[in-house]
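Subject: Structure handover

Dear colleague,

Here is the structure I said I would pass on. My notes on it come after it.

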Amino acid sequence: MSVALTRNEVVAQAKTLKRVPAWQSILMIAGHWLQILAVLLVFYFYPTWWLYVPVFLFIAARQYALAILLHDAQHSLLHPDKNVNAWLGTWLVAAPLGTEFRASAQSHLDHHLHFGSADEDPDYALYCFGQPSPKQSTWQIAILFVGKLMGGKIGEMLRKTDRAAGSAARAPAKATAETDIAFRLLRVMRQLSTVICVHLTLLAVLTWAFGWWGYLALWALPLATFSAFFNDFRIFCEHSIVGRDAAAADERLTSFLSNPVERFFFAPYHMNYHAEHHMFPYVPHQNLPALREAVRACPELNDRIQWRPSYIGHLIAYIEGFK
């Protein structure tokens with residue numbers, strides 16, 4: 001029989017688990033790029049239409065897994081040296097995914113700081129039941145996720161970048177509409193300089209290897225569709241509640257037990273340990289399994305969490321709640 005732990009004992013154990021490995025994340029990033037390179041090489045030598053479908057899905061899933069490593073970088077959990085953490089997050093993770101590292105980090109940390117706030121949580125619209133993005137019918141759910149699969153994430157990221165860049169610079173007071181548009185465009189391009197640099201490199205390499213369609217079909221399209229869908233579907237499942245909105249943010253603390261297939265597509269790198277992450281965001285993902293054991297042994301913390309068996313199962317339960 002396991003011994004029950006107090007909240008203070010779990011906090012003390014969490015502090016022992018916060019050490020960030022120096023090399024493990026670097027090896028994981030390298031491993032991801034090698035996996036992507038491997039499937040691109042297979043498709044280079046066997047460029048058939050039927051092989052494109054699994055290659056497309058695999059690249060989208062690995063892009064999304066890089067986004068989970070970006071999540072660790074946003075919490076300074078990729079490397080103990082913050083400068084190295086920022087460099088890895090900026091050039092090898094965020095930029096290939098089409099986002100600027102510091103702006104994305106600020107947005108995600110705002111999610112933690114204002115978790116569950118309709119006005120201040122930048123992710124609130126992804127999981128709310130009512131306003132500002134109602135999800136109260138099967139049709140509304142379909143519109144949300146089909147929009148993600150149709151590239152809706154691109155406009156959202158550009159708007160976030162524009163707002164982030166706008167906080168550091170202002171247009172001239174007497175600017176005309178035309179000069180204001182030009183100013184904003186230059187501001188966004190400056191904010192996205194690392195993204196532009198990396199994507200021009202990807203464009204050159206993939207065009208050289210596959211032709212004019214290589215970058216679009218093998219990087220941009222997976223990134224703008226399924227990779228974005230995997231991310232936003234996970235956020236929806238992590239914090240949405242069947243049939244209502246939460247009276248308190250704690251009601252949205254959810255962790256998933258899930259299965260290997262779901263974890264590959266929706267929750268790589270222990271993202272299914274999500275309530276534990278919200279409770280102790282300074283613990284790197286490698287140590288979340290040990291943290292979960294401590295949390296489950298503490299009745300006070302364990303009872304605050306909704307333990308769900310499946311991401312797909314939650315979506316089904318959510319839709320059945322409309323009946």
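Predicted model: local features only at pLDDT ≥ 70, side-chain atom pairs only at ≥ 80, totals over all residues.

Residues are numbered from 1 along each chain as its sequence is written, and side-chain values use heavy atoms, with hydrogens and water left out.

The protein has 16 helices and two strands (DSSP runs numbered from the N terminus: H or I of at least four residues for helices, E of at least two for strands). Of its 323 residues, 47% are buried (under 20% relative accessible area with a 1.4 Å probe, protein chains only; exposed is over 50% and partly exposed lies in between).

The largest nonpolar core contains 55 residues, and Leu-218, Trp-219 and Phe-233 have the most contacts inside it. A nonpolar core here is a set of buried Ala, Val, Leu, Ile, Met, Phe, Trp, Tyr and Cys residues joined through side-chain atoms within 4.5 Å. Helix H3 (49-74) is among the helices that each supply at least two residues of this core, as are H2, H10 and helix H11 (214-239). H3 gives the largest share, 12 residues. A second, separate core has 22 residues, including Val-10, Phe-280, Val-283 and Cys-298.

Leaving aside neighbours within four places in sequence, Trp-219 is in contact (heavy atoms within 4.5 Å) with residues including Trp-33, Ile-59, His-199 and Leu-206.

Leu-206 also belongs to the lining of the second largest pocket, where it is one of the residues nearest the centre, along with Leu-37, Leu-40, Val-205 and Phe-210. (On a 1 Å grid over the protein atoms alone, a pocket is an open set of points with protein on both sides within 12 Å along at least five of seven lines; a cavity is a set where a 1.4 Å probe fits but cannot get out; lining residues have an atom within 4 Å of a point.) This pocket holds about 280 Å³ of space (the space filled by probe spheres set on the points, which are joined across faces, edges and corners). Helix H2 (24-45) and helix H10 (193-210) each supply at least two of its lining residues. The lining has 13 nonpolar residues, no polar and no charged (Ala, Val, Leu, Ile, Met, Phe, Trp, Tyr, Cys and Pro are nonpolar; Asp, Glu, Lys and Arg charged; the others, Gly among them, polar).

The largest cavity has a volume of about 50 Å³. Its lining includes His-71, Asp-72, His-270 and Val-283.

Regards
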